[in-house]
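Please open the structure below in your viewer. This short tour tells you what to select at each stop and what is there.

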Amino acid sequence: MSRHPAPDELLLDYAAGTLPEGPALAVALHVALDPQARRTVDRLNAVGGALIEHEIEASLDDAALERAMARLEQVAVEPRAAPATARPGFEWAPPPLIPHLRAGLGWRRILGKFDEIRLDVPGDAHRVSLLRLEPGHGLPEHNHRGYEYTVCLRGGYTDQTGSYGVGDFAVGPGGERHEPIADPGEPCIALIVVEKPIVLTGPWGRWLNPLVSRGWI
Amino acid sequence: MLSADEAADLIEVIASRQDRAAFASLFRHFAPRVKAFIMRGGTDVEAAQEVAQETLIMVWRKAASFDRSRASAATWIYTIARNKRIDLLRRAARPIDTEDWLVVYAPEGEEADKSVLAGQTYTRVKELLGGLSEDQLVVIRKAFFEDKTHTVIAEELKLPLGTVKSRIRLALGRLREALEKDE
């Protein structure tokens with residue numbers, strides 16, 4: 001049971017396929033870890049199915065079926081696929097994350113405080129990262145110029161808005177300052193999707209912001 | 001017309017013996033509907049036809065992964081068509097994982113009576129759509145058919161974003177409430 005579910009509107013956008021790739025990945029991971037969100041999305045998919053079923057048929061040219069039948073010659077019916085397995089070191093990764101973990105990706109230490117893996121999302125301006133915080137350590141206080149989506153994948157963290165465990169989802173608009181700190185126990189790993197570069201507000205912010213905005217850290 | 005059970009049978013026959021006649025029946029039923037559905041989002045005729053064609057080819061390829069206890073045929077085909085449309089929009093990028101892991105791989109044993117549930121959910125959703133108020137239906141339709149974000153829907157309906165969000169929430173709340181009665 002998630003204490004911090006994603007808002008229903010976001011689940012609808014996900015089921016309808018309208019989210020950009022970064023936020024869609026964040027929602028997919030939340031849905032993978034939260035049975036209740038999964039039930040909601042199942043239902044929304046059923047709404048999509050019902051809408052298709054009710055759709056008035058568009059005319060399809062007669063040759064379309066013939067062309068499709070001809071193509072079947074080259075297309076095999078595949079055996080039921082086994083779920084993908086994560087590569088060593090990433091056993092905690094829920095299924096939707098696995099295709100993004102290409103070989104060679106590794107944690108990179110940032111500011112001597114936390115680790116980051118930047119994920120590729122071609123065609124999406126969002127910045128998508130996995131962050132890893134040691135227990136009791138935090139991110140520098142920051143606020144956002146755009147929306148930020150966070151889903152906790154391992155461990156837990158606490159900030160001014162509450163405590164977040166595995167599967168919990170947070171979405172925040174710009175202008176909110178927060179300072180997440182990893183809970184005691186195991187390191188906290190979260191996926192963070194940021195619309196625009198974050199703005200550091202602590203004493204070092206002035207010096208670091210130019211680096212952040214250039215995407216160096 | 002094709003009932004939900006008949007459609008599921010056809011997919012299973014493709015999986016078990018690569019039955020081309022079953023494919024043709026599914027194609028005749030679903031391809032024109034998928035095409036119409038995709039065109040509502042403003043996609044042109046040729047592209048919509050391509051999405052419909054690719055969707056049905058994918059139904060053939062992945063027939064063995066279809067699980068009627070998890071989703072109705074129409075729901076499964078909807079998720080494939082949606083992902084194909086996203087692929088079309090992101091033409092340059094790598095194709096997304098078209099096997100919707102949610103429908104295909106969601107953890108086993110989560111809902112004991114899934115088999116009853118999948119069919120029921122689909123039938124109930126169909127009924128419920130008819131029972132929503134016009135206000136609620138408009139936002140849901142726009143979100144699904146026209147591929148709009150909430151901000152764009154709000155602009156088009158000349159409504160505050162908060163109103164659009166609360167209508168969606170109400171509509172989803174009604175769907176959920178009615179569906180949970182069955183569980």
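Start by selecting B:Arg20 and A:Glu73. Their side chains meet in a salt bridge, 3.5 Å from N to O. Keep in mind that this is a predicted model.

Next, show the helices of chain B. Which of them gives the most? Pick α2(B): its share is 15 residues.

Now color that side of chain B by residue class. You will find 39 nonpolar, 10 polar and 25 charged residues.

Zoom out to both chains. Here 74 residues of chain B are in contact with 62 residues of chain A. Between them the chains bury about 6400 Å², and 59% of this lies on carbon and sulfur atoms. How many salt bridges does the rule find across the interface? There are 4. Polar contacts link 13 residue pairs, with both residues at pLDDT 80 or more.

Last stop: hide chain B and select the sheet in chain A. Three strands form an open, antiparallel sheet in the order β7-β6-β9. β7 (162-164) and β9 (181-182) of chain A stand at the edges with a single partner strand each, so one side of each has no neighbour in the sheet.

Then select β6 (157-159) of chain A. β6(A) pairs with β7(A) over 3 bridges, in the antiparallel sense. To see a bridge, click A:Asp159; its partner in β7(A) is A:Gly162.

Definitions and conventions. Residues are numbered from 1 along each chain as its sequence is written. Chains are lettered from A and ligands numbered from 1 in the order in which they are written. This is a predicted model: local features need pLDDT of at least 70, side-chain atom pairs count only at pLDDT 80 or more; totals for chains, interfaces and linings use all residues. Side-chain values use heavy atoms; hydrogens and water are left out. Contact means heavy atoms within 4.5 Å. Buried area is the accessible area (1.4 Å probe) that two parts lose on being put together, summed over both. A polar contact is a pair of N or O atoms within 3.5 Å; within protein, one must be able to donate a hydrogen and the other to accept it, and residues adjacent in sequence count only if both atoms are side-chain atoms. Helices (H or I, at least four residues) and strands (E, at least two) are DSSP runs, numbered from the N terminus. Ala, Val, Leu, Ile, Met, Phe, Trp, Tyr, Cys and Pro count as nonpolar, Asp, Glu, Lys and Arg as charged, and the others, Gly among them, as polar. Two strands pair if DSSP finds at least two bridges between them.
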